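Subject: Structure handover

Hello,

The structure is handed over below. My notes on what was found follow it.

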Amino acid sequence: MIPSAEVKEPLKLPFLFLFILLCVLAILSALNLLFTWGMYESGAHRFAFGYALARLPRSGFEVMLPSVVLSLLLLGMRMARRPFSRFLGLLICLAVSYAALVNGMIWLRALGQKSRPPQAAAVQYFRPAGFTPVGRVLLSVRSVEGNSLDGVLLVDPAQKSARFSVFPEAKAAFSDDEVSVTFPGARPLRLAGKPGLRPGAIFEPDRFTALFLRDFGVLTADFERLLAGSLPEFFAACFALLFLCTASFVFLRASRWPLLNILLLALAVRGYALLWHVLSVSLAPVIARVVTDRLLVRMFPSAAMAALGIVLLLVDILFIPVDRWKQVEES
Amino acid sequence: MNRPLLGRISSFLFAFAAIGYGLFFAWAAVRFPIDRLLPAFHWEFALKKGFLLFVEYLIPLCAAAIAVAVSLAGSSAMARAAGTPPQPFSRIAGSTIVTFILLAVAYAVLAEGVAPGVRRRLSDMEHRSSLAREFLSRAEKAGRDGDWAGRRDALALYLEIDKGNRVVTAQKLEAEAEASARKPPAPKPVRREEPPQNVDAASLVERAKYYFDREDWFSAHYYASRAATIDPRRKDAPGLAAQAWEKITGAAASLKDRQARQLYQEKLGAYTLLLANDPVAAYYRFLELAARYPKDPDIQEYLAESAKAMKGIAFFREEIEGMDSLPGTREILFINANGKDFTEAVLIGKMVEANRKGTYLFDIEAVRYRPTGEVLWHLSAPYGKLEATADGGRAILLRCVDRGDRSGQNGPRYLSGSRPAAERNMLPITPTTEELAALRIDGGGAAGMGLPGLWRLRERLASFGMQRESLETEIVMKAFMPLAFLVLAFLSLSFGWAFRARYLGRPPLFAILFIPLVPVAAALASLLYVHAHRIVLGFVVLAFGLTAALIVGAAISLVLLAVALALTAGQAT
């Protein structure tokens, strides 16, 4: 006779996953919303409920992928405490998380497209009577209107002498990660640089968190590109990533020390985001040279994830004792 | 036997802290920035940088130590004597909770009390290294030009920074020998005694009368004029001054000897300069006269008086000699005044606070401009001295004079526009010395400040051009970091207990080998936790201000602390 606990736990698991996902999604969406307003919109308008409502789907979309992965991790913790059949666990986790990720990203993207994307404006970065770093120089303005800056003081600390220059006006323009300021006149001057800007100083993460956010940002952006380009490719990428994450539950049975197992799983998942970044950004030109097929180039990171997942699954089957969890429970 | 939980946690905390600091020290020693620092600073840098990294990552280190200690405690707990009932976890963890609170206080002291000073010292080290290299290149150039005295002096300045450098010491001895062989030693400059200061109007009038009675008309006029300036209500002082002036002008005509008449006229000319509020010109005129007539008591007296009158207008070059090799604050930038009609900005290359001598500034630049972009004036000066003004404010004296050489003067250079003659050599500034130290361009000044200083100066620093919101976010973050430490410590305790090891004895080697990964994972989680705090508190600062952020921060911390405590208390026995 099968013990009742072993039957109940797999049945509970999908609902538990959805509950965890909703909680995680709510927290991460709220954080994303606060960050986006503070970083891009706080200078232009006050925080309002209407803004939050309009922005929420987009925020939800941007944190959907890390939310699903984090929920899987948390579910893994639960499974470490109340273990049952590993393959059943893998199948349930994979199916539920896949359905959640695919649907979540599709629907939230559709809803999020209605909200206006955050637009950088000069008032967000240049506050009168303050200094704003732009690349290696600093600017102080008397007043800001739209993207026009008036009474601009330029400070170039690297100069040997005459480190101050004053301009009656200037125009600011913003791109993804750069701000450029053009000073009209007989000899027009253009400055461009990474904005060490005002909200940046408030929300600036430490270097490790910055790398973490960068990697998950790349992952989400790549998934969004695949979703916009081709649904089958998007489905495949989602499957590959989640397959790898669920196959990584092998770490939960790596030893009889659950704390170590869980932390190993967390580090592995962190490593996958880094691996995706390496394959998708750092090694992309090399891959594009070696692999001639464009579909293969696009899907290379997903294929690598799936391959790694298969390796982990084989390790689980071949090297991890079937009754490891039973041993843990009994001990 | 089950070791008490606190003992186990303490030994793990100590081990993790010791190993962590050792690793950070080794990392700092290996990654020593040889291009920015002198090799002499290698171990000091490693100690201090290692300490800063240790404080930065103290939260994950402690969290990892607690989680590992508690999770491994489970295995020995199972080996308790048969028949003994298990103790409730809350009882096991009772004293541990008190220890965590003490640890949080210790963390606050380290992060807010000790670390800012260490950070400043590292910054000084970097600056002094760049200066030392500059002295070395100056010495090399002097050596190439055959200027052995110059080489000796530059090497001496280098050795003030890198005292134990044997190679440079030998080079300096060699330069000294060469310099003394080529040139006889110059006589040591004789310091002239400064005249007494701070005399009230009544005693000045008494002194004027004293000199008047002895027919020393210059002294009588000088002291009577000063008394009249100090106390304009006195009616006797102007009268006495007028009488003395009459005698002075009359005395020139009565002199029959041509040479005596010429000396008298020259003294009168220099004296007139002193009266006309140009003490620097008067000083040099009296200096020339003193060289020609060293025994003339009037000249000696008014030389001293003009040197005294120069205080508040200029300062002597000898005061700043050697100052640039001292540690100080670099690259200070601030809005000095922001009126309706103009804005004034000041940039200072370096500030050195020499407690007894005063505060000296190097490489000063200031500009005043209209909202339309029109520059009213723009000046630069190589040296400056911070002085208190009569109205209780502060001003930078921009004129630096040589005690014995008129040509050795440095004053402000006006790159465009100008200011009235009386104001040209002085720049009134708003920030205090403490505030100046916080106004570094790279933000290191404010970041290196402790919470009390940041709290006290926040309004003023914002008025000088610093970003108010980032200052306020920094304040809130600094205030809640000890609470974050406490919350993470409790969460680690419950997490470690919930996932304790299922080994009956000591964990196998495989598990022990993987323990170093625990702090890495703990760092990942705790840094994300702190960043989430930063987002929420930064948002509240931007949307609702500092007070709201403090309230929200306190509320979040209390809720999380309550959750962490509930999780701890709710753990199984």
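The contact between the two chains takes 52 residues from chain B and 49 residues from chain A; two residues are in contact if their C-beta atoms, placed from the backbone, lie within 7 Å. On the side of chain B that touches chain A, several elements each supply at least two residues, including α3 (58-77), β2 (329-338), β3 (343-354), α17 (468-498) and α19 (517-544). Helices (H or I, at least four residues) and strands (E, at least two) are DSSP runs, numbered from the N terminus. α19(B) gives the most to this side, with 17 residues. By type, the residues of the side of chain B that touches chain A are 33 nonpolar, 14 polar and five charged. Here Ala, Val, Leu, Ile, Met, Phe, Trp, Tyr, Cys and Pro count as nonpolar, Asp, Glu, Lys and Arg as charged, and the others, Gly among them, as polar.

This is a predicted model, in which local features need pLDDT of at least 70 and side-chain atom pairs count only at pLDDT 80 or more, while totals for chains, interfaces and linings use all residues. Residues are numbered from 1 along each chain as its sequence is written, and chains are lettered from A and ligands numbered from 1 in the order in which they are written.

On confidence, the predictor gives the complex an ipTM of 0.87 and a pTM of 0.78. Chain B has an average pLDDT (the predictor's confidence in each residue, from 0 to 100) of 82, and 90% of its residues score at least 70. Within chain B, helix α4 (residues 89-92) has the lowest confidence, with a mean of 62, and α2(B) the highest, at 93. The pLDDT is below 50 over residues 187-198 of chain B, a stretch that has eight contacts in the model beyond near neighbours in sequence.

Domain bounds come from an automatic or database domain assignment. In chain A, that gives domain 1 (4-114 + 205-330) and domain 2 (122-199), whose C-alpha centres lie 40 Å apart. Chain B is divided into domain 1 (5-144), domain 2 (146-182), domain 3 (201-313), domain 4 (318-446) and domain 5 (451-512 + 535-569). Between domain 1 and domain 2 of chain B, eleven residues of the former are in contact with eleven of the latter. On the domain 1 side of chain B, these residues are eight nonpolar, one polar and two charged.

Next, the strands around β5(B). Strands pair if DSSP finds at least two bridges between them. β4(B) and β5(B) are antiparallel, with ten bridges, and Leu386(B) is the bridge partner of Thr359(B). The two strands form a hairpin with five residues between them, and Gly373(B) in the turn has a positive phi of about 95°. β5(B) also pairs antiparallel with strand β6 (residues 394-397) of chain B over four bridges, where Glu387(B) has Ala395(B) as its partner. That hairpin has five residues between the strands, and Gly392(B) takes a positive phi near 90°. Another antiparallel pairing, of four bridges, joins β5(B) to strand β8 (residues 413-417) of chain B, with Ser380(B) partnered by Arg413(B).

Last, one residue: Val55(B), in helix α2 (residues 42-56) of chain B. Is Val55(B) buried or exposed? Val55(B) counts as buried because 20 C-beta neighbours lie inside 10 Å; the cut-offs, on C-beta atoms placed from the backbone, are 20 or more others within 10 Å for buried, 12 or fewer for exposed, and partly exposed in between. Not counting residues up to four places away in sequence, Val55(B) touches Leu110(B), Ala111(B) and Ala115(B).

Regards
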